[in-house]
Amino acid sequence: MALGKILWVDDEMESLQSQILFLKNKGYEVSSLTNGFDAVDYLKENPVDVVLLDETMPGITGLETLAKIKEVNTHVPVVLITKNETENLMDDAIGSQITDYLIKPVNPNQVLLSLKKIIDNRRLVAERTTTAYQQQFRNLFMALNSNPDHNEWMDIYKKLVYWELEMEKSDSPEMTDVLHAQKSEANTEFFKFVSKNYAKWVDPKSGDGPIMSHTLLKFKVLPHIEKGVPTFFVLIDNLRFDQWKAIQPVFAESFRILEEDTFYSILPTATQYSRNAMFAGLMPMDIEKQFHQQWKNDDDEGGKNLHEEEFFRGQIKRLKKENIKCSYTKVLNYQSGQELVNNMHNLLGNDLNIIVYNFVDMLSHARTEMEVLKELASDETSYRSVTKSWFEHSPLHQALKKIADKKINLVLATDHGSVRVKSPVKVIGDKQTTTNLRYKHGRNLNYEPKDVLAFRDPKEAGLPVPTVNSSYIFAKEDIFLCYPNNYNYYVNYYRNTFQHGGVSMEEMIIPVIRMGPKV
């Protein structure tokens, strides 16, 4: 079986017979034609893996032929072979989607290398990826077992995400399974680590912990504000680190990425807790004390994130930064996204512009409710793909492109991540118990202690006490918490959906990215 079908188009085909023979001996099937018209007709009837195309031919040129080839078959790889190294020609060729180009006189090994790069690329990348991961596997295993601190855990998670994305290029289900097993083991150890350290992190007296939701703005946004250079803080709700990596190339087209970092979401890793804590600069227990009228617990009536701007004003007042001229925009639907696009130029007069964009969270919830989205985002790979597709075509992307050529600071972050839940466990509680799948609070919770991180005194976790004797539990790894009644229905309905509120690397270790203009 041939390694690949090649069409070579050149008006001096006689002089290339030795090259064609060389490729045939290497296992390729090669057809040859002497002009662009015949090449276009040939491709209408015959599938090929690569076209080798001479640039200077009588009749129609290589670039003209290329344009016609792309009309016939958009995806066929074309290697342009040219005597001409001028920059304009290269720009035209690359703009016309050539896959590679070679400069005459070409040597047989150059052509072979180009073909291998194109035809064998996926196989070679897969082999290299598998080999490289096998070499890294032991290092990751050792890192997991060396009592990592909160910074080392962020590095471990970033490496696991890196290999997860690399494995997408590979066609090795076995190695992908090994990686998933290692990631699962990492989440088991991460849960133990968080269980041991979380109360200390959120204790204001300890001063020993990572940057978390309630300290993010103080340490990662406000220090970058400078007079005359507007800072944009963009919060995309529920954006995991791997989803950031999916949209990073889109950002990189318009902005220079200056710092790619992560921080820890507080528990519960849910919007009403983590995002309110972020804007208030306070743990939820303290928000309830200082903003008693505005704070809402899970079972209270009314919206839970209606006072973020007020909380933020309180934070900058406490930090004695009231002189910052700032705006706050929340985008909840397409219409308000378009209004943001139209208003971007007006925001350039502020020191700080906060933009909260709710899409990924809606996608996560809608995925649970809508069968079509269950198909579109059935696993992590497709979830990343849907996120990238959304962002590329979103009003948010349009809005940010409007300021890409301006002297600005841009900080992108999120409030929490999400995890795909697979393992149901039963929890029993009274009527006051909350319905969340990854965390619950109530007075008489009955659960398996090994499945959750429990705080009998919510204050230890920096959380308000909704009712007397309330305790909180947070699900570990990929567990979701179900009540015994209608148990099988809820298990089947929610299994493999993306949820948040609990303890996993995907929910807690989340991106904060600093960018600037490319110019």
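A term to begin with: buried means under 20% relative accessible area, exposed means over 50%, and partly exposed is in between, with a 1.4 Å probe and protein chains only. This is a predicted model, where local features need pLDDT of at least 70, side-chain atom pairs count only at pLDDT 80 or more, and totals for chains, interfaces and linings use all residues. Residues are numbered from 1 along each chain as its sequence is written, and side-chain values use heavy atoms, with hydrogens and water left out.

Arginine 313 comes out partly exposed, at a relative accessible area of 34%. What does arginine 313 meet in a salt bridge? Its partner is glutamate 309, at 3.0 Å, N to O. By salt bridge I mean a side-chain nitrogen of Lys or Arg within 4 Å of a carboxyl oxygen of Asp or Glu. Helices here are DSSP runs of H or I with at least four residues, strands are E runs with at least two, and numbering starts from the N terminus. Glutamate 309 is partly exposed too, at 32% relative accessibility.

There is also a network. Glu164, Glu168, Lys183, Arg240, Asp242, Arg384 and Glu506 are joined by salt bridges that share partners.

How many salt bridges are there in the whole structure? The search finds 29.

Now take lysine 104 and aspartate 54. Their side chains form a salt bridge at 3.1 Å, N to O. Lysine 104 is in the loop between β5 (100-103) and α5 (108-119), and aspartate 54 is in strand β3 (residues 50-54), so the pair ties together parts 50 residues apart in sequence. Is aspartate 54 buried or exposed? Buried, with a relative accessible area of 2%.

Next, lysine 117 and aspartate 100. This salt bridge is 3.3 Å, N to O. Lysine 117 lies in helix α5 and aspartate 100 in strand β5, so parts 17 residues apart in sequence are tied together. Lysine 117 is partly exposed at 46% relative accessibility, whereas aspartate 100 is buried at 13%.

Last, the nonpolar patch. Phe137, Phe141, Met142 and Val178 make a surface patch of about 310 Å². Patch residues have over 30% relative accessible area and no salt bridge; like charges are joined within 9 Å, and nonpolar side chains (Val, Leu, Ile, Met, Phe, Trp, Tyr) within 5 Å. Areas come from the Shrake-Rupley method with a 1.4 Å probe; for residues, only the protein chains shown count as cover. Helix α6 (residues 121-144) gives the most, with three residues. Phenylalanine 137 is in helix α6 and is partly exposed, at 31%.
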